[in-house]
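Hi everyone, thanks for coming along.

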Amino acid sequence: MGPSRSANTISAADRPEETAFRHSPFGMGTIDAGLRFVSANPALLRMFAVAGVEDLPPLDRIAFDDVALALPAASPTGDIEKPREMRIRRLDGSAFWCLLSILDVGRADAPAFLLQIIDIDERKRRELDLADRESRWNHALESAGQGVWDHDFARGELFYSRQWKAIRGMAPDEAVDGTLETWIQNVHPDDRARVLVEIERQESAEAVFNVFSYRERHRDGHWVWIESRGAVVEYGPDGRPSRIAGTDTDITGRRKAEERMAQLSRRLELALDISRIGVFESNLHDKTVAWDERIRQIYGKTTGAIGRTDWEDSIHPADRDHASAVVAKAIESGAEYSQAFRIVRGEDEIRHIRSRGVTFVDADGVPRLVGANWDVTEDVLLQQELQRAKDLAEARSAALEEAQARLQHNALHDHLTQLPNRRYLDVALEERAIRAAATGTRLSILHIDLDRFKEINDTLGHSAGDGMLTHAARVLRAHMGPQDFVARIGGDEFVFLVCGPEKRNLGDLAERIVTAMRQPVTFEGHVCRFGASIGIASAAGPLIDGRQLLINADLALYRAKNKGRSRHEFFTSEFQAQIIVSKKTADEIMASLEQRRFLPYYQPQFCARTLEVAGVETLARWDHPERGILAPAAFLPIAEDINAVGAIDRQILERALFDLAAWDMQGVVVPKLSVNVSSRRLQDPDLCASLRALPLQAGRLSFELLESIFLDDCDPKILESLAEIRKLGIDIEVDDFGTGHASIVSLMKLLPRRLKIDRQLVKPIVRSQAQRRLVGTIIEIGRSLDITVTAEGVETAAHVRLLQEMGCDLLQGYALARPMPALEIVDFIRSERWREVQEAAADLPERLTRSW
């Protein structure tokens with residue numbers, strides 16, 4: 001069947017609008033209220049590849065993407081509905097993009113709608129393709145870690161990509177103040193002048209393409225190295241750039257790697273300088289040779305170019321053939337070599353050389369030989385001298401006895417300071433202990449350890465360290481009495497035996513040694529300062545145990561170092577008794593850990609507004625087999641010394657989680673369980689792994705950390721642990737806030753869920769207006785940072801009333817509840833005995849709180 005007249009026949013009686021309808025290049029047609037086509041112009045029929053209007057399906061069946069089509073409401077002004085882009089389905093299933101407009105042209109008794117369809121398929125596909133390419137390009141840049149920026153000065157538009165913001169720690173949708181005055185404040189002060197010069201070169205068209213690097217402050221406060229690449233995209237009428245675009249790349253990792261490589265190179269250079277080893281490299285392909293400065297000095301060729309024959313020409317004629325053959329064989333076999341030979345330097349000066357080398361193929365496939373030479377002339381001459389001495393000793397018994405004495409001296413003396421060594425000390429200590437016991441005199445030991453010696457040794461090298469040890473030996477010799485004995489027993493430790501019948505003030509002697517050690521020492525132009533800590537032990541009587549006396553002096557030295565160094569401490573009977581008690585307590589702690597005798601006590605915490613139970617703080621207790629329940633003060637210092645705090649923390653946490661689950665089963669819900677965790681426990685690399693193995697309930701467990709942990713220079717390991725702990729659903733609380741050194745910056749950086757005001761600050765608020773203002777300020781700080789504030793040390797109803805009116809969030813203290821074992825928690829919560837305090841607080845006179 002051909003097309004109907006209404007579709008494509010033109011009559012002489014047609015009106016102009018009907019002519020426009022039929023000849024329009026756009027698809028046009030009319031539909032009824034049921035979305036069925038009543039008429040269609042030829043352009044519309046061609047779009048759908050049909051012969052007549054009766055072949056067109058209803059309009060709601062040709063929307064390709066299941067778009068719901070609705071007829072427009074009648075418009076009093078006859079306005080056409082805003083065209084919408086959509087895809088239309090043809091009868092063969094293919095689809096094309098179009099602009100669809102629908103106009104209500106009917107009457108109330110005969111609804112009709114005129115529609116117009118404009119084919120935009122080609123343009124739309126180009127747009128989608130362009131958007132897809134742009135998306136792939138942006139993804140590629142972001143995957144490469146490059147942030148895009150575009151400064152269109154002509155239009156006043158500044159664009160910064162998501163990755164550009166991410167490099168600086170900004171949110172993707174965060175607005176950027178791109179003014180130079182604001183942005184330059186984030187640039188490292190040492191880089192600002194150079195960055196401003198580079199920007200001026202680019203904006204003045206001096207540099208069409210520019211690359212420079214600088215440091216910029218990250219949102220969290222650290223510095224990020226950024227490499228900026230920019231190019232002029234457009235120029236204005238005045239010839240100056242009107243649009244500049246480019247990329248920023250975070251090169252912090254690369255710069256750190258470069259810095260580490262430079263540091264390693266400096267260390268290698270320092271090691272080579274100290275050892276006086278020269279390095280060479282030879283290109284086996286073109287026979288060129290490169291010598292470093294040290295090897296030039298060894299061979300006496302400090303000026304001029306090094307030729308391929310300079311090495312062989314320098315070798316002693318008697319050693320030349322053999323030395324060349326060793327190197328040639330190594331090159332042929334690809335193995336490393338080691339040899340010794342002589343060289344002739346300058347005016348017939350003979351030097352003995354040791355050489356090692358190995359071949360390799362570089363990245364360009366060029367075979368090379370690299371090696372090291374060092375001058376061993378002194379060693380060789382020494383060996384020769386020793387050999388001659390040995391020969392002479394064999395011929396002369398006197399010389400042999402002298403050599404034996406020298407060997408014995410070396411065996412019993414430190415080679416550097418020439419002081420007696422540890423072996424000699426053991427013998428001398430036993431002899432002097434026996435002599436002191438026999439003569440009724442006192443034997444005293446000063447155990448001396450140098451302070452800051454390691455820093456000098458590490459920064460200025462071992463030669464400087466040796467100089468300091470030699471100086472220390474001279475100081476000690478200068479303070480020796482006629483029968484005293486001084487030995488170096490290893491590293492930077494010395495032992496001073498005070499012997500003889502005369503009485504001596506050991507404290508005065510130690511102080512004089514400490515003072516002398518503090519005096520500055522000059523080494524190769526460097527002024528070095530170090531000190532000494534001294535432990536003193538003394539004994540008299542018929543039986544003197546020299547070894548125990550040395551142990552006692554070592555314990556006293558340990559105490560001197562712990563009290564600040566550059567001082568002396570005596571070993572006393574009280575100290576000995578303390579050590580015995582501490583040892584017994586340490587053994588009992590370890591046994592109790594095995595027997596699981598560390599258990600949690602709980603002190604409830606209450607909502608300040610309603611006095612409902614808001615949680616409990618877990619407090620460690622030791623169920624001592626003889627002394628009963630002990631608080632942390634009785635065992636924590638010793639537990640820290642024996643590194644048992646982490647194990648105690650772990651045991652307390654496991655028991656607390658078990659108790660929490662038991663309360664839940666009894667129908668008593670404790671919303672929050674707070675557990676104290678030590679700094680050492682946070683540094684445990686296995687902490688998070690052990691926590692994952694526990695039955696944690698997200699949001700119900702929090703770790704209380706002492707304020708001293710939250711310093712601005714907090715250990716990065718602790719920060720990493722805190723981040724992992726938060727991922728496990730464990731909240732962070734700051735304990736004893738107000739007694740340490742945590743700053744507002746610390747709180748903003750770490751954002752703990754809660755902070756607890758120390759009882760020392762809370763207790764005086766009942767009688768001190770100044771103290772109330774201080775506590776109120778801390779509460780306001782917590783509220784401004786969205787941190788829940790807990791007040792501990794709430795001991796009276798007046799405390800409750802005041803803290804409620806101050807806006808404190810949580811209360812904890814003896815006025816409401818004392819610490820109690822797990823078995824008492826359920827009855828306590830069900831009894832609500834603390835409500836009596838609430839009633840008492842409400843009855844307090846208003847004058848108590850009026851000043852707040």
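With 3 residues, α21 gives the most to the lining of the largest cavity. Helices such as this one are DSSP runs of H or I with at least four residues, strands are runs of E with at least two, and both are numbered from the N terminus. The model is predicted, so to speak of local features we need pLDDT of at least 70, side-chain atom pairs count only at pLDDT 80 or more, and totals for chains, interfaces and linings use all residues. Residues are numbered from 1 along each chain as its sequence is written, and side-chain values use heavy atoms, with hydrogens and water left out.

What do I mean by a cavity? On a 1 Å grid over the protein atoms alone, it is a set of points where a 1.4 Å probe fits but cannot get out, and lining residues have an atom within 4 Å of a point. Points are joined across faces, edges and corners, and the volume is the space filled by probe spheres set on them.

How many cavities of 30 Å³ or more are there? The count is 1, and the largest cavity has a volume of about 50 Å³. Its lining consists of Asp649, Arg650, Leu653, Val675, Asn676, Val677, Arg681, Leu687 and Phe703. Two elements, α21 (645-665) and β26 (673-676), each give two or more residues to that lining. By type, the lining has 5 nonpolar, 1 polar and 3 charged residues; here Ala, Val, Leu, Ile, Met, Phe, Trp, Tyr, Cys and Pro count as nonpolar, Asp, Glu, Lys and Arg as charged, and the others, Gly among them, as polar.

Now to the sheets. Strands of a sheet pair through backbone hydrogen bonds, either parallel or antiparallel. For us, two strands pair if DSSP finds at least two bridges between them.

Inside it, β1 (residues 27-31) and β5 (residues 113-119) share 5 bridges, and Met28 stands opposite Gln116 in β5.

Another open sheet, also of 5 strands, runs β7-β6-β10-β9-β8 with antiparallel pairing. Strand β8 is joined to β9 (residues 223-235) by 9 bridges, and Tyr214 has Ile226 in β9 as its bridge partner.

Terms used. 1 Å grid on protein atoms, 1.4 Å probe; cavity = no way out; pocket = protein on both sides within 12 Å on 5 of 7 lines; lining within 4 Å.
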